[in-house]
Amino acid sequence: MRIDRRKVGTIGEFSLSHVIPGKTGTRALVESELRGKIVIGWALMRRLAISLRMIFVPIFVGIMLLGTSVWGQTSGQTSGRKPSPRTSLPDVYLITIDTLRADHVGCYGYKQVETPALDAIAADGVRFTQAFTHSPITNTSHITILTGLLPSVHGVTDFAVPLSPQHVTAAELLKKRGYQTAAFIGAVILDSNTLAPGLDRGFDFYDNFPAKTETKQRWGRVERRGMEVVAHAETWFDKHRTGPHFVWVHLYDPHDPYEPPPPFSEKYKDHLYDGEIAYADSAVAHWIAFLKKAGVYDNAIIVVTGDHGEGLGEHGEETHGLFLYDSTLHVPLILKTPAAAHRGAVIDSQVRTTDILPTILSATGVAAPAELNGESLFPLIEQTKTAQDSNRALFGETDYPLRWGWAPLRALRADNTKLIEAPRPELYDLRADPKELKNLYAPASANSRAQAVQAQMAKWKAKLPQQANSAKPGEPLPDPKDKIEVQNLLHNAMLASDDNRSSDARQFLEKALQLDPSSSTALRQLGELELAAGDFAKAAVHLKRACELRPDDSTAAFELGEAMEKSGNWPGARDALESSLKLAPSQMSARLLLGHVYLQLKDAKNAADQFEAALLVDSNNSDGRLGLAEAQIQQSDFAGVLPDLEAFTKSDPRNAAALRLLARAYRGLGREQDAKRAEERAAALEKKQ
């Protein structure tokens, strides 16, 4: 570890130990001086009091103000002791920049991008040169940052997996301490209503994306520009001025596709990824300028980090998620403490993103939950014995390959050695081979280094829940190293499809299937393209094969049911939809569609069951109500259906389908005049459409 001690632990002429609450302070000194002067005569006493006010009060006020802007930095504070009631709590601002490699930031030595805002925060604080994330996936990594837990502990190892209530978040802990809490996200990937359920716990305000949007552009639909994210944060802050604050700002810009706005798109036209980083840095600059203008910057704890890096073609990986090389695990980590108490410090010890939450809790005097997998960074900053004895090994993991039916990976990075546990294991000497190009792995019996690191890996894994693995007994999953070209094509197809470039997406997918005919993901995505294009028969062929390869894929089964329903294959649609619902019973759309399929099969009883199940979830769903009405009419239950249909047509008098059903119910009850009036109203509405 290298650290400039001249920039740590002192502010001006005062050592930090002189302004720590709980120590013998200036107030006690002044009171002692005054008590000692009581024996002096009244006139002398008066002159002395004036002198003391002139001399000691400015010093006292200055030091006490300093004490409120610099939270306790003694070993007691770093171990979690709460600050003195006289010490104001510092604001906490967490800035996460998505897909940000450490070696593409100016203050980390990169010369091809300008990042003045990040460089300035680093100059005001502590820069950790060897910081690593535990996961190369956005939502998994962010949940690790906000819970201080390894992915396999918090359990959110893929998108849309809910965070268990048993795991407490940073926002929950700080809210109990009196903090106002808010989060501002730059991508729908972190939307707590969809792909990141539970991540909003503890936040007074969580800036999710709109449930519905008319735009077909990615901006506003799946991503927000960094400046928009910051603008939302500033608007919220203006309405919540009283502190303390915990605000998380997430900037998604460096994530692919790389589309920086002008002038960054021109300045960095030959390396757009860096252009996105430069643009994100400008958004950080705007946010920091706002905090300074608001007068909260000096007394704030600011943490800036990346959730993961980016492959950029290294090891064949264009983006991230599949591998556990440093290209996607090495992230920047910058910590600014109140009053820039550790200005310009640089620490080379290995640290992890699980260390961020314990550090924030230590700085704010909040007791850390016992389950945390990380440690406070302050022992490293203060160079305590604890830091010297600490072994901050990095346990990395990705279950993302399981999405494609490939093997999950685990890695251990310690003592300049990395072991990657895969079907074909890898071992790297990081000092001699920082790019991880020469695999030194040999069976443990023939490699002492491998033996030592495998023993460490075994200790880590023994403390963790069993890792996921969907392989059938005796059928090991493919090594992701053998599938990287396929994964790149699948990713490009997804981006093309999202941009409505169907022809490009189809070409990518067909090429992926040439490389891997058993790619259920490629088959499913092709089926989705054909479904959108209206070629339902071709869609059904692709989706049926995808279901055969991945019988646990509820989405593929639902889409197969949809393709068969649209092509008029009612029995096939029924079977596919029933399979989908067995895998995921909460699907409203699958239940409604299955109900309509049963109606086509003249199975009114089962149709009614599906519509009733859907209405238990949403009692006002019009499709469910009309479907149930049709099922009741098919069963000649005219009296039973009439009250709901009459209520429906009163609340929605312009619904022609409801009026047609109402006419049939009236006619079934022999009320011919009422039936004709309902039919006339329906016909008039249909004529206007």
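**Pocket lining**

I sorted the lining of the largest pocket by residue class: 20 residues are nonpolar, 16 polar and 13 charged. Here Ala, Val, Leu, Ile, Met, Phe, Trp, Tyr, Cys and Pro count as nonpolar, Asp, Glu, Lys and Arg as charged, and the others, Gly among them, as polar. The model is predicted, so I kept to its rules: local features need pLDDT of at least 70, side-chain atom pairs count only at pLDDT 80 or more, and totals for chains, interfaces and linings use all residues. Residues are numbered from 1 along each chain as its sequence is written, and side-chain values use heavy atoms, with hydrogens and water left out.

I noted a volume of about 2,200 Å³ for the largest pocket. A pocket is an open set of points on a 1 Å grid over the protein atoms alone, with protein on both sides within 12 Å along at least five of seven lines; a cavity is a set where a 1.4 Å probe fits but cannot get out; lining residues have an atom within 4 Å of a point. Points are joined across faces, edges and corners, and a volume is the space filled by probe spheres set on them. Of the 49 lining residues, Phe159, Leu195, Arg403, Met494 and Arg524 are the closest to the centre of the largest pocket. Helix 16 (484–498) gives the largest share of this lining, 8 residues. Helices (H or I, at least four residues) and strands (E, at least two) are DSSP runs, numbered from the N terminus.

**Cavities**

I counted 3 cavities of 30 Å³ or more. The largest cavity has a volume of about 50 Å³, and its lining includes Ser135, Glu397 and Arg410. That lining divides into 2 nonpolar, 4 polar and 3 charged residues.

I traced an open, antiparallel sheet of 4 strands in the order 11-12-13-14. Strands pair if DSSP finds at least two bridges between them. Strand 11 (394–398) and strand 14 (426–429) are at the edges with a single partner strand each, so one side of each has no neighbour in the sheet. Strand 13 (residues 417–421) pairs with strand 14 over 4 bridges, and leucine 419 stands opposite leucine 427 in strand 14.

**Confidence**

I read a mean pLDDT of 86 for the chain, with 85% of its residues at 70 or more. pLDDT is the predictor's confidence in each residue, from 0 to 100. Over residues 1–86 pLDDT stays under 50. Where pLDDT is low, the predicted coordinates should not be read in detail.

Definitions and conventions:
Contact means heavy atoms within 4.5 Å.
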